[in-house]
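Work through the exercises below with the sequence and structure at hand. Each task is followed by a stepwise solution.

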Amino acid sequence: MGTIKMNTLCPVCGFNLGFPAWKGYSASHETCLSCGIEFGYHDVMEASGIIGTKEEIYMMWRKKWIEKGMPWSVSEAYKPTNWNPKKQLKNIGIEI
Ligand SMILES: [Zn+2]
């Protein structure tokens with residue numbers, strides 16, 4: 001029996017959330033400390049105001065976050081030392 005490796009990266013910014021954003025159809029209802037997206041709220045069509053799939057919503061959110069200069073979304077106290085948002089985006093294959 002192998003271990004199931006859960007994907008705990010934020011699908012928007014690549015931050016390691018420490019939990020999966022979604023487990024199947026069940027949202028974590030947690031917020032990404034890095035980009036500020038709330039899973040089960042901002043990434044569902046009704047709340048986001050974006051018409052599209054989750055992937056499209058993530059893409060839009062990422063674009064906006066990058067345009068804002070990739071700010072850390074919560075208190076600096078939670079920010080990892082040497083936090084590098086550009087490097088973090090590479091976790092999900094985004095090169096900017
Ligand atoms: Zn994020």
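**Exercise 1.** Find what lies over the face of tryptophan 22.

Solution. Lysine 54 lies there, at 4.0 Å from the ring centre. The criterion is NZ of Lys or CZ of Arg within 6 Å of the ring centre and within 35 degrees of the ring normal. The model is predicted, so local features need pLDDT of at least 70 and side-chain atom pairs pLDDT 80 or more, while totals for chains, interfaces and linings use all residues. Residues are numbered from 1 along each chain as its sequence is written, and side-chain values use heavy atoms, without hydrogens and water.

**Exercise 2.** Classify the aromatic pairs in the whole structure.

Solution. 
- Step 1. The search finds two pairs; rings of Phe, Tyr and Trp (its six-membered ring) pair with centres within 6.5 Å, and planes under 30 degrees apart are stacked, over 60 edge-to-face, the rest tilted.
- Step 2. The centres of phenylalanine 15 and tryptophan 72 are 5.4 Å apart and their planes stand at 80°, so this pair is edge-to-face. Phenylalanine 15 is in the segment before β1 (22-23) and tryptophan 72 in the loop between α2 and α3, 57 residues apart. Helices (H or I, at least four residues) and strands (E, at least two) are DSSP runs, numbered from the N terminus.
- Step 3. Tryptophan 72 and tryptophan 83 are also edge-to-face, with 4.9 Å between centres and 70° between planes.
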